[in-house]
Amino acid sequence: MSVYNEKVMEHFENPRNVGKLENADGVGEVGNATCGDIMRIYIKVDDEERISDIRFQTFGCGAAVATSSIVTEIAKGMRLDDAVALNNKDVADSLGGLPPIKLHCSNLAADALHAAIEDYRSRKGESQ
Amino acid sequence: MQRSVYLDHAATTPVHPEVLAAMLPYFTRNFGNPSSVHAFGRESRIAVDKARATIANAINADAREIVFTSGGTEADNMAIQGVAIAMADKGKHIITSSVEHHAVLDTCEYLAKQGWEVTFLPVDEFGRISLADLEAAIRPDTVLISLIHGNNEVGTMQPVAEVGELARKKGIVFHVDAVQTVGTIPVDVKALKVDLLSFSAHKFYGPKGIGALYIRKGTRIKPLVHGGGQERKYRPGTENHAAIVGMARALEFALENMSDNVDRVTALRDRLIKGLLEIPEVRLNGHPTDRLPGNVNVGIRYVEGESLILSLDMKGVAVSSGSACTSGALDPSHVLLAMGMSHEIAHGSLRLTLGIDTTDEDIDYVLSIMPAIVDRLRKMSPLYNEK
Ligand SMILES: Cc1ncc(COP(=O)(O)O)c(C=O)c1O
């Protein structure tokens, strides 16, 4: 199917950081089954507020899988403040673009990452 | 070399080599306009007339009842809009189902915006309308019933003959979208008591861009296109005579081998269904037995359809989810939703449609690669991990 470029297909075929993180410091989920995409991101955060480990689980189309995969690749080792600044467009651009129809619905990986960071921060806030 | 397996025959089929051979002379040597008086024209006219007779004969119609169109979509549009306009003085109520192809569905929705009233009949879990619902929907101003014969997505057959009986008794014009059935299973317009019937050559190993509408003698219908006098003014424009010849040859070929093909394809279909259902949490969509010979449609829980298509495509297997138009759109199939399926299951549905060229080895290959593909995607899915 040539609707996706090679880089998207490469991430679809060999997604990075798939799975669950036991004892994650933050978990974020976006999307729902009605729209056909659910993305969940797990993060581990170190003492310097860096993402030391990250995993994803996704139910969705090729674009959903590829954006999830690449956002984990980009975010790994990133400071939280920088990771918060990533947006969905950055993610799509880093894949060399997505078909227009996929830009809105299946391009939620940065949102899932933000949700995980928010979860981490709210957990931390509560424990202080 | 990787195997290449085409299991998307409901979307389209390859042109049969004999069909292509029959068509070729009409592009170069016998290129005349069928309306021309000279020898070139007469030769083309004879070819068109002969093809029309063959096609009419194949569905038990009269040659004067066949109007060539650019395909199934145009035939559906012509039937529905043409009758709606011709009958507007009598009434403006149309009945159809909620599992139609977009060519019918969108045409009815368009008419609904133009002042017609349309009833979309519900379907049961298998995708079938009920005669009781239909009878209850009929009103004094109902002028048209339009129903799909074999469903292009889930393969389910509608009770077309029974509907034909009822429509004839009530004096309501009856159109059938037979795009998935003509050339695949026997279709007899008299036995089915239909007034209009759409079909399309590229679904039965003929060329794309040619189809026909059967119009029973005496049916009130207006043309959508105006111009010269071709097709008895129902569909003017210089005939695509090469395609018409190809359509006739394809239909002839289909009829010659129909019962053998139905038996063989049905057996392959059932073997594929059985094999797929051995994968945990896979269900069959559509009717278990009363379905098109080549149609397999399964719901694979916890995974999404496009991911399945891409994964199978990487292994050389061509399938679709929902219908060809649905891939690329984000809404799940209206057919599956009308059958009462949840969005989650509808998003995870896969359609595999077999053809006369499908082999036992093709089915073996698909069944051998499918479990690992499903497993990989499920391991990635948050829904699967939670169950
Ligand atoms: C049931 C049904 N109706 C109509 C059509 C449209 O036919 P065509 O592609 O010839 O316009 C199709 C084919 O996609 C179909 O399956």
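Predicted model: local features only at pLDDT ≥ 70, side-chain atom pairs only at ≥ 80, totals over all residues.
For B:Thr73, a polar side-chain atom lies 2.6 Å from a ligand oxygen. In the case of B:Ser200, an N or O atom of the side chain is 2.6 Å from an oxygen atom of the ligand. How much of the ligand does the protein bury? Taken alone, the ligand exposes 400 Å², and the protein buries 85% of that area.

The chain that supplies these residues may now be considered as a whole. Chain B has a secondary structure of 14 helices and 12 strands. Its C-alpha trace spans about 70 × 55 × 35 Å along the principal axes. Is such a chain folded as a compact globule would be, or otherwise? A compact globule with 387 residues would have a radius of gyration near 21 Å, and the 22 Å of chain B agrees with this. Of the 387 residues in chain B, 58% count as buried.

Salt bridges are the next feature to examine. Over all chains, the structure holds 32 of them. One is formed by B:Glu165 and B:Lys193, whose closest N and O atoms are 3.7 Å apart. B:Glu165 belongs to helix 7 (residues 160–170) of chain B, while B:Lys193 sits in the loop between strand 6 (173–177) and strand 7 (196–200), so the pair ties together parts that are 28 residues apart in sequence. B:Glu165 counts as partly exposed because its relative accessibility is 48%, and B:Lys193 counts as partly exposed because its relative accessibility is 27%.

The loop between strand 6 and strand 7 of chain B also contains B:Asp195. This residue forms a salt bridge with B:Arg216, and the closest N and O atoms are 2.8 Å apart. B:Arg216 is located in the loop between strand 8 (211–215) and helix 8 (241–256) of chain B, and the pair links distant parts of the chain, 21 residues apart. Are the two partners buried or partly exposed? B:Asp195 is buried, because its relative accessible area is 6%, and B:Arg216 is partly exposed, because its relative accessible area is 29%.

A further salt bridge joins the side chains of B:Asp360 and B:Arg271, at 2.8 Å from N to O. B:Asp360 is part of helix 13 (residues 360–380) and B:Arg271 is part of helix 9 (residues 258–277) of chain B, so this pair ties together parts that are 89 residues apart in sequence. B:Asp360 is partly exposed, with a relative accessible area of 39%, and B:Arg271 is partly exposed, with a value of 30%. Salt bridges can also be joined into a network, as they are for B:Glu18, B:Arg249, B:Glu252 and B:Glu256.

Chain A remains to be described. Its secondary structure comes to six helices and three strands, and along the sequence these elements follow the pattern α-β-β-β-α-α-α-α-α. The C-alpha trace of chain A spans about 50 × 30 × 25 Å along its principal axes. For 128 residues, a compact globule would have a radius of gyration near 14 Å, and chain A, with 14 Å, agrees. Buried residues account for 51% of the 128 residues in chain A.

A:Thr58 is found in strand 3, which covers residues 51–59 of chain A. A:Thr58 is buried because its relative accessible area is 3%, where buried means under 20%. A:Thr58 and A:Asn17 are 41 residues apart along the chain, and their C-alpha atoms are separated by 11 Å.

Note on methods. Residues numbered from 1 in each chain as written. Chains lettered and ligands numbered in written order. Heavy atoms only, no water. Polar contact = N/O pair within 3.5 Å; in protein donor to acceptor, adjacent residues only side chain to side chain. Areas by Shrake-Rupley, 256 points an atom, 1.4 Å probe, with all protein chains shown as cover. Salt bridge = Lys/Arg side-chain N within 4 Å of Asp/Glu carboxyl O. Helix = DSSP H or I, 4+ residues; strand = E, 2+ residues; numbered from the N terminus. Buried < 20%, exposed > 50% of the residue type's maximum accessible area, 1.4 Å probe, protein only. Rg over C-alpha atoms; globule rule 2.2 N^0.38 Å.
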